[in-house]
Amino acid sequence: MRKPLEGIKVLELGNFVAAPFAGKIFGEFGAEVIKVEDPNKGDSLRNWRVMHNGTSLWWYVHARNKKSITLNLREEEGQEMVRELAKDADVIIENFRPGTLEKWGIGYEDIKKINPSIIMTRISGYGQTGPYRNKVGFGSVAESMGGLRYLTGFPDRPPVRVGLAIGDSIAGLYAVNGTLMALRARDNDPLKRGQYVDVALTEAVFSLLEGVLPEYDLKGIIKERTGATLEGIAPSNTYICADGKYIVIAANSDSIFKRFAHAIGRPDFAENPTYLTNNGRAENAEYLDQVIEEWTRKHSQKEVQKILDEAGVPVGPIYNIEDIVRDEHYQARDMLQTVTLPEGERVLVPGIVPKLSETPGSIEWIGPELGQHNEEVLEGKKLNQQK
């Protein structure tokens, strides 16, 4: 069977993380993704973090299955080429500041005149409308203004970041979802009309805040940082084991807690009315955590894992990347895939998510060299322009 997005052409005008992250997913599932890069330096991600032979290793994750062409979008020739490419494209994905593409004559209304079926997916810090639309937006700021950074860390310390570009990646996922919904709507429209998809980094992060807003609105509660615990849900925490390693235990549903109590040698907890519901356990979370850690300190991490696995209690170690690479489940699920770099070295990269039973995604090639596909993609378009 064909991959689910075969036949879809995506023009990626994005830079950095959010739009390229979305473009990566389109490419993994069969779309033709043409990445437009600056002729002089390319996507900034080519030079971020750990470098190998002059190229970021992160680049090879984000740019796989894409074609690279170089255009200077600040010049008329580059803008005209985008218009030419847009004529037979299905999707344009971009993450410039709102108004930038309009200034260059390649905004949604401009492209819509050329191709009424186009889907333009637009990622920005604050969205295409509103008083902040013209502000420069970055994922780290969106994580802060979206409410996530305030809740990350321990209550007696300053807020911390997750350690990855989580805000950008969340926005990238929403961009994929929104684009697929827009494509579905176009398919159902007799006139095959497109639309634009507006993804704000701040809103993407804000959407993850669960019940924080109604809790504030009705109860006046401002949720605070709680470290490794989940406020109001117990027991669910990180505990140290006899070998100094940490483990996460989530025995916070009523039926699971009963099994957990027996597993740790405290059957009295399973019969105590105080602990039969989450509300009672949450009110006594500090005491429960103390008892649980007294138990984990008597066993190694592997012993705790084995005991609780056998009891049907959610439990797992805190992995670093070395632990992930060694894990048999990651290996069995094909989440550690080997690719060959341009110089011939073989390197592991993350596998494909999600898994489709009949039309799975795949890594066809790693990130392209800057402008590698100029001739393939642009030559015919130049001839069209000359005509």
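Valine 248 sits opposite glycine 316 in S11. This comes from a predicted model, in which local features need pLDDT of at least 70 and side-chain atom pairs count only at pLDDT 80 or more, while totals for chains, interfaces and linings use all residues. Residues are numbered from 1 along each chain as its sequence is written, and side-chain values use heavy atoms, with hydrogens and water left out.

Strand S10 (residues 246-250) pairs with S11 in the antiparallel sense, over three bridges; pairing here requires that DSSP finds at least two bridges between two strands. Strands (E, at least two residues) and helices (H or I, at least four) are DSSP runs, numbered from the N terminus. The open sheet has three strands in the order S9-S10-S11, paired antiparallel. Its edges are strand S9 (236-240) and strand S11 (315-317), each pairing on one side only. On average, neighbouring strands are turned by 25° against each other, direction ignored.

Now for the helices. Helix H1 (residues 18-28) packs on helix H7 (residues 166-188) at an angle of about 50°, their axes being 8 Å apart. That angle makes H1 oblique to H7 (under 35 degrees is roughly parallel, over 145 roughly antiparallel, 65 to 115 roughly perpendicular, and the rest oblique). Axes are lines fitted to C-alpha atoms, for helices over the stretch in contact, with angles running from 0 to 180 degrees between N-to-C directions. On the H1 side, the contact (heavy atoms within 4.5 Å) is made by Ala18, Phe21, Ala22, Ile25 and Phe26. H7 brings in residues including Gly172, Leu173 and Val176.
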